[in-house]
Amino acid sequence: MNEIKVNLEFCKNFINEDEYESIFNKVKSALVLLESKQGKGNDFLGWMDLPVNLKKEFLEDIAETAEKIRNQSEVLVVIGIGGSYLGSKAVIDALKGYFNTQGMEILFMGNSISSTYISEMTEYLKDKDFSVNVISKSGTTTEPAIAFRVITKLLDEKYGEKSSERIYVTTDATSGALRKIAIEKNYKSFVISDDIGGRYSVLTAVGLLPIAAAGYDIFKLVEGAKNAYHHCNDNCIAYVSARNILYSKGKKIEIMANYEPKLHFFTEWWKQLFGESEGKELKGIFPAGVDLTADLHSMGQYIQEGERILFETVLNVLTPNADVLIPSLPDDVDGLRYIEGKSVNYVNQKALEGTIQAHTDGSVPNIVIEIPVIDEFNLGYLIYFFEKSCGISGHVLGVNPFNQPGVEMYKKNMFKLLGKPGF
Ligand code: PA5
């Protein structure tokens with residue numbers, strides 16, 4: 001199998017044919033509504049045709065800028081929060097070797113207000129050659145703005161007048177403080193178009209520049225997204241139908257489970273995508289995540305025997321990037337003879353199969369997403385597949401999947417407490 005596939009085999013005891021038939025039509029209507037661009041939030045659909053609209057010249061500009069960054073620095077600091085960092089972090093973590101320190105180091109900043117993190121980052125950067133990609137669509141978000149101030153000071157101290165050659169800005173075309181700064185200081189900049197929200201922006205300069213700087217093939221990533229653009233509707237319908245039937249039956253929490261820790265941040269990206277898109281008007285499935293098998297030794301107990309409000313979406317990577325044989329021993333002191341000579345991935349697959357069986361036996365339905373291998377092409381496909389599924393699912397739920405009004409509440413309180421003028 002070399003195509004990504006949504007497998008509903010392990011949901012079938014929880015969803016009968018009539019239920020599937022009736023939601024199927026609703027999901028198809030939501031898909032038509034999304035594609036007709038007449039639904040709620042239709043001013044934020046720029047991501048939909050992006051895979052086929054991205055110009056070769058734009059991708060080449062990104063690739064050349066990335067090359068320039070790699071030539072001038074050993075570290076790229078990516079400043080951004082939410083949709084302005086989770087996508088690139090997800091792709092880079094999924095592609096990079098666990099212990100591979102070759103190539104450009106990509107560090108993320110501005111995704112918290114931890115003084116310890118900022119302080120340790122500046123200390124770490126003192127002896128490094130580094131560049132900065134500051135990303136904020138609004139150009140006014142507090143967390144990245146603080147980080148950018150601190151980093152600009154460090155850059156100025158280190159590189160003087162030449163510091164501006166190491167700053168790359170990704171922001172709105174005209175509004176926001178960051179655009180103003182980019183114009184004033186003549187920083188190299190990229191535009192996030194008005195009709196693309198943060199969490200749907202991985203395939204814009206927001207995600208592509210850090211991914212390219214890390215050394216990965218953005219052309220293949222876009223190819224994968226293009227493949228999804230043309231062919232993912234059946235997978236979207238299957239996924240959206242299953243999760244919405246399960247939701248209507250009281251399964252209010254969806255846990256994304258991976259058996260490859262490299263995918264941890266892919267889950268984080270997915271959590272933001274679905275959490276911010278669907279969690280409104282007192283509705284929405286709560287997206288959570290586990291890294292298995294590690295979390296079978298912590299969250300596994302709850303999943304098996306806690307409240308029956310869960311279902312899982314399992315990312316099953318069929319071919320690992322590398323494999324290892326379990327060595328033979330002359331005696332069987334550790335009791336592992338029964339798997340001697342087997343590959344570690346074979347054991348991981350049996351863990352996955354055994355866990356799916358145990359969890360479904362314990363009334364936790366499993367949607368399985370089969371992924372041939374982790375590479376740029378398949379990640380591109382997955383990104384677009386989940387974005388489209390999220391748009392469709394939001395319409396099934398009846399919410400606007402492209403806004404996030406609730407995010408403003410904490411900001412108002414924080415600004416008031418900080419004495420920001422106007423609050
Ligand atoms: O999805 C979204 O729109 C948000 O999560 C934003 O990405 C996040 O709040 C960061 O906003 P900005 O890019 O404007 O700094």
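The model is a predicted one. Helix 14 runs over residues 376-397, and at 1.5 Å a residue its 22 residues should span 32 Å; the C-alpha atoms at its ends are 31 Å apart, which agrees. After helix 14 comes Gly398, with a positive phi near 90°.

The cysteines are considered next. A disulfide requires two cysteine sulfur atoms within 2.5 Å, and by this rule the count is zero. Cys232 takes part in no disulfide, and its nearest cysteine sulfur, in Cys236, is 3.6 Å away. Seen from Cys236, the closest cysteine sulfur is that of Cys232, and 3.6 Å is too far for a bond. Cys232 has a relative accessibility of 1% and therefore counts as buried. Cys236 is also buried, at a relative accessible area of 0%.

The ligand has 13 residues around it, of which Ser84, Ser136, Ser138, Thr141 and Gln272 come nearest.

| Residue | Protein atom | Distance to a ligand oxygen atom |
|---|---|---|
| Ser84 | polar side-chain atom | 2.7 Å |
| Lys137 | polar backbone atom | 2.7 Å |
| Arg199 | backbone N or O atom | 2.9 Å |

Taken alone, the ligand exposes 380 Å², and the protein buries 88% of that area.

Methods. Residues numbered from 1 in each chain as written. Predicted model: local features only at pLDDT ≥ 70, side-chain atom pairs only at ≥ 80, totals over all residues. Heavy atoms only, no water. Helix = DSSP H or I, 4+ residues; strand = E, 2+ residues; numbered from the N terminus. Expected span 1.5 Å × (residues − 1). Buried < 20%, exposed > 50% of the residue type's maximum accessible area, 1.4 Å probe, protein only. Near = heavy atom within 4 Å. Polar contact = N/O pair within 3.5 Å; in protein donor to acceptor, adjacent residues only side chain to side chain. Areas by Shrake-Rupley, 256 points an atom, 1.4 Å probe, with all protein chains shown as cover.
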